[in-house]
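Trainee: Hi! I have a new structure open and could use a hand reading it. Can we go through it together?

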Amino acid sequence: MKAIRGLLILLLAVYMNALFAADQGVDFVDLKDGDVVTSPFKVKFAVAGMSVAPAGDTTLNTGHHHLLINAEGIAAGQVVPADERHIHFGKGQTETLVTLPSGQYTLTLQFANGLHQSYGEMMRKSIHVIVK
């Protein structure tokens, strides 16, 4: 029954999101593609067209951020894994301090609902950074 409820919530969210897709998205606040940073560095998240809510809150058009490091984006409806490459901000955080060794990285901001189910491509943004 819980699985069916979760699926119904997701389907409704996907439908509603399609109606408002032009005004929705996520972005990095202070970082842009190609930036060179020194570790540790601050990453701030922004969301438009939805509200940030903690994990577990299944209110329509809410969710929380996930930072993916050198990981592929998560398809709509799929649960975002929880590991060192998929960092969850389930308390509703909108910034973090990231420590990475020197190198080139793809950072992806992925917004997901209260059940950690990705909103997909329309609520995802990737940038490349170089850590010195």
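Mentor: Happy to! One term before we start: two residues are in contact when they have heavy atoms within 4.5 Å of each other. With that in mind, 69% of the contacts in the protein with a separation of 6 or more are between residues 24 or more positions apart. Keep in mind that this is a predicted model.

Trainee: Okay. How many helices and strands are there in the protein?

Mentor: The protein has 1 helix and 9 strands. Going along the sequence, the pattern is α-β-β-β-β-β-β-β-β-β.

Trainee: And what percentage of the residues count as buried?

Mentor: Of its 132 residues, 39% count as buried. The protein exposes about 7100 Å², and carbon and sulfur atoms supply 57% of that area.

Trainee: Which strands does strand 8 pair with?

Mentor: Strand 5, residues 62-69, runs antiparallel to strand 8, with 6 bridges joining them. Leu67 stands opposite Leu109 of strand 8 there. Strand 9, residues 124-131, also pairs with strand 8 in the antiparallel sense, over 8 bridges. In that pairing, Thr108 has Ser126 of strand 9 as its bridge partner.

Trainee: Nice. What about the nonpolar core, which residues have the most contacts inside the largest one?

Mentor: Those are Phe28, Leu31, Phe41 and Leu107, in a core of 22 residues. Strand 1, strand 3, strand 5, strand 8 and strand 9 each give two or more residues to this core. Strand 8 supplies the largest share, 4 residues.

Trainee: Which residues does Phe41 touch, leaving aside neighbours within four places in sequence?

Mentor: Phe41 is in contact with Leu31, Thr96, Leu97, Val98, Leu100, Leu107 and Val131. There is also a second, separate core of 5 residues, which includes Leu68, Ala71, Val80 and Ala112.

Trainee: Switching topic: I clicked on Asp35. Is Asp35 buried or exposed?

Mentor: Asp35 has a relative accessible area of 15%, and buried means under 20%, so Asp35 is buried. You'll find Asp35 in the loop between strand 1 (25-28) and strand 2 (36-37).

Trainee: What lies around Asp35?

Mentor: A polar atom of the Asp35 side chain lies 2.9 Å from the backbone nitrogen of Lys32. Beyond its neighbours within four places in sequence, Asp35 is in contact with Asp30, His128, Val129 and Ile130.

How values were computed. Residues numbered from 1 in each chain as written. Predicted model: local features only at pLDDT ≥ 70, side-chain atom pairs only at ≥ 80, totals over all residues. Heavy atoms only, no water. Buried < 20%, exposed > 50% of the residue type's maximum accessible area, 1.4 Å probe, protein only. Areas by Shrake-Rupley, 256 points an atom, 1.4 Å probe, with all protein chains shown as cover. Pairing = 2+ DSSP bridges. Polar contact = N/O pair within 3.5 Å; in protein donor to acceptor, adjacent residues only side chain to side chain. Core = buried A, V, L, I, M, F, W, Y, C linked by side-chain atoms within 4.5 Å.
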